[in-house]
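Try each task before you read its solution.

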Protein chains: 2
Amino acid sequence: MNPSPLPYRAIEWRGHYLRLLDQRLLPDQVTYVDYVSAAEVAGAIREMVVRGAPAIGLTAAYALALAAHHAPNALSELQTAVKAAAECLKASRPTAVNLFWAVQRMLACAYDPRQANAPEARAALLAEAQAIDAENLQMDLSIARHAYPLIPDGARIVHHCNTGPLATGGYGTALGAIRYAHERGVQVHVFVDETRPRLQGARLTAWELQQMGVPFTVIPDGASGHLMRTQKVDLCIVGCDRVAANGDTANKIGTYHLALAARAHGVPFYVAGPSSTIDPATPHGDAIPIEERPPDEVTHLAGRRITPEGAGVANPSFDVTPAAWISGIITEKGVSRPPYHFSEKSQE
Amino acid sequence: MNPSPLPYRAIEWRGHYLRLLDQRLLPDQVTYVDYVSAAEVAGAIREMVVRGAPAIGLTAAYALALAAHHAPNALSELQTAVKAAAECLKASRPTAVNLFWAVQRMLACAYDPRQANAPEARAALLAEAQAIDAENLQMDLSIARHAYPLIPDGARIVHHCNTGPLATGGYGTALGAIRYAHERGVQVHVFVDETRPRLQGARLTAWELQQMGVPFTVIPDGASGHLMRTQKVDLCIVGCDRVAANGDTANKIGTYHLALAARAHGVPFYVAGPSSTIDPATPHGDAIPIEERPPDEVTHLAGRRITPEGAGVANPSFDVTPAAWISGIITEKGVSRPPYHFSEKSQE
């Protein structure tokens, strides 16, 4: 199956450097930035040039290929360089498990006893990152195929944050599911939570839906419950940054309120993401570390201060939706239904 | 009882004109604008130079005193001028019932058979507006006294939108209750919902709490549920724009999500407002007209576009919280508890 092409790429390996679409400047500007070192890429992840759990994982994988690319020509030195870069990348953002998953997979490749020398390891690491890239796309497409029967014709869908190709480097997860249905002629209308504080919905999802030709309406985060109370809403579908073994799901702040509203109105609430987002080692939601991001994301907007000078703010980047409120968790393997029991085994 | 004075006044009659603090410019600038005609004041209400249900009512009352002030010196012509101004004011904002209540009261005064001539009617209308002003302050203080026992020492309180002196022209309603407790040495900490799209929380409530010396933390609207899930929250208290006979309450968009979260976590959820906000003629929440405000409040921030060019948005300004989720409705008359039955009689 060939998805309709889109005129942008979030993450692209360019032979000897990594090119990222600077998502902080969208939708005003479509600007690409080239990175030659893993440390620079870690900075780009921290500053959210690239964001979205699967996209962060893929970017980190390419960053380690980049570290290997520029490492000395002795295997042990290359391995040391890759390991140091891995530490740096792991410190960039704490919540999304895909980052740690991708870094772990790249480290396993770097230290694979079959690596005979630096050039081979270098080639293997690049091949591994490219494999993750290709798998991302295939996983996204599989997620979309599994979600397809859940999206009725004429569906009015609430979506939170951003889960398109910008967020995965592939086809998109929750937004990929919507895109897939749209590409097959299913009529959909997406209500796009603007997603404060960084406005990934208003800025990125609205922009991606425009590129895809999908009809949509941007709403303030506080409006989705009112929408369900006064109009028809058929389903909610969101991405995920980490799913615990019991199905509790960390996703962008505000997801919890959307799930509460969906539960109150009997609206199905789906979570979509690659199985690498499921972390069987995290037993439940309370064990998921929640990133507290810098206050200026709340105090300032477009460079202008909105709170009074000296006002304290809290800026938790994620919240945890209880498993019992999630109608289905859609991965490339299919749709899981509650009660959820994700074990290492079920993820193999 | 004398409340601690604050260094600002939202609404002030200045002898032959009305002075309003331009709330659109806060917290950056404290700028007062003087109005000499009722039509100008209607524009100021529509454009939200002044906002907050009780403040809108008071402003409209002064606008009608202004209309009388500048009307011809014949009683019937003065009455016609006041009536025309009333129509103009009633068309400014649709949801808050206080506006219609205040206009009705001023019209009754203008057409009172006891008015013998234009100068007397003019004086009576000004006295009526000033009476509403004085009553606003006394009602706010009574609300605060009734709310006082509901705020425990060390209380951690979530507040939505703005309900301080800026919103009432008096002492404040929900924020007045917090202020009253604080002035009596009760330790409180307020979590201030930033309140998209117009950020009345981040801009106005944060600024007013600073003026009052009350400790606070600004949070994105989507974060209050997460806060309740992970930390101690003792109560929520919000204002209201219209309360139906059955207790269903219209308030700033996002209130519904806060009430949902409070219900899920067993956190008491209080509504505070003068009894003029209760509309016994509106049987239930579905009968409350919900204002749809201009799209640029969502598409732009601080003059800068945040959504892509051409993106559609919805901007409902209020939502309706079901009566059953409201732990108490606090007016100047006391604390009502569910089930609520507000009749014309109970409001007398």
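**Exercise 1.** How many of the 11 residues of helix 10 (residues 255-265) of chain A are buried?

*Solution.* Remember that this is a predicted model. Step one: apply the cut-off, under 20% relative accessible area for a buried residue. Step two: count. Eight of the 11 residues of helix 10 of chain A pass, and the helix is mostly covered. Step three: name them. The list runs Thr255(A), Tyr256(A), His257(A), Leu258(A), Ala259(A), Leu260(A), Ala261(A) and Ala262(A). Step four: look past the end of the helix. Gly266(A) follows helix 10 of chain A, and its phi is positive, near 65°.

**Exercise 2.** Describe the contact between chain A and chain B.

*Solution.* Step one: take the area. The two chains bury about 4,100 Å² between them, with 63% of it on carbon and sulfur atoms. On the side of chain A, the residues that lose the most area to chain B are His226(A), Arg229(A) and His257(A), together 15% of what that side buries. Step two: count the residues. Chain A brings 53 and chain B brings 53. Step three: look for charges. The rule finds six salt bridges across the interface of chain A and chain B. Arg304(B) and Asp28(A) meet in a salt bridge through their side chains, at 3.3 Å from N to O.

**Exercise 3.** Which helix of chain A gives the most to the side that touches chain B?

*Solution.* Step two: pick the top one. Helix 10 of chain A gives the most, with seven residues. Step three: sort the whole side by type. The residues of chain A that touch chain B divide into 28 nonpolar, 13 polar and 12 charged.

**Exercise 4.** Is Ser92(A) buried or exposed?

*Solution.* Step one: locate Ser92(A) in the loop between helix 3 (75-90) and helix 4 (97-110) of chain A. Step two: read the accessibility. Ser92(A) has 5%, so Ser92(A) counts as buried. A polar atom of the Ser92(A) side chain lies 2.6 Å from the backbone oxygen of Leu89(A).

Technical notes:
Residues numbered from 1 in each chain as written. Chains lettered and ligands numbered in written order. Predicted model: local features only at pLDDT ≥ 70, side-chain atom pairs only at ≥ 80, totals over all residues. Heavy atoms only, no water. Buried < 20%, exposed > 50% of the residue type's maximum accessible area, 1.4 Å probe, protein only. Helix = DSSP H or I, 4+ residues; strand = E, 2+ residues; numbered from the N terminus. Contact = heavy atoms within 4.5 Å. Buried area = accessible area lost by both parts, 1.4 Å probe. Salt bridge = Lys/Arg side-chain N within 4 Å of Asp/Glu carboxyl O. Nonpolar A, V, L, I, M, F, W, Y, C, P; charged D, E, K, R; others polar. Polar contact = N/O pair within 3.5 Å; in protein donor to acceptor, adjacent residues only side chain to side chain.
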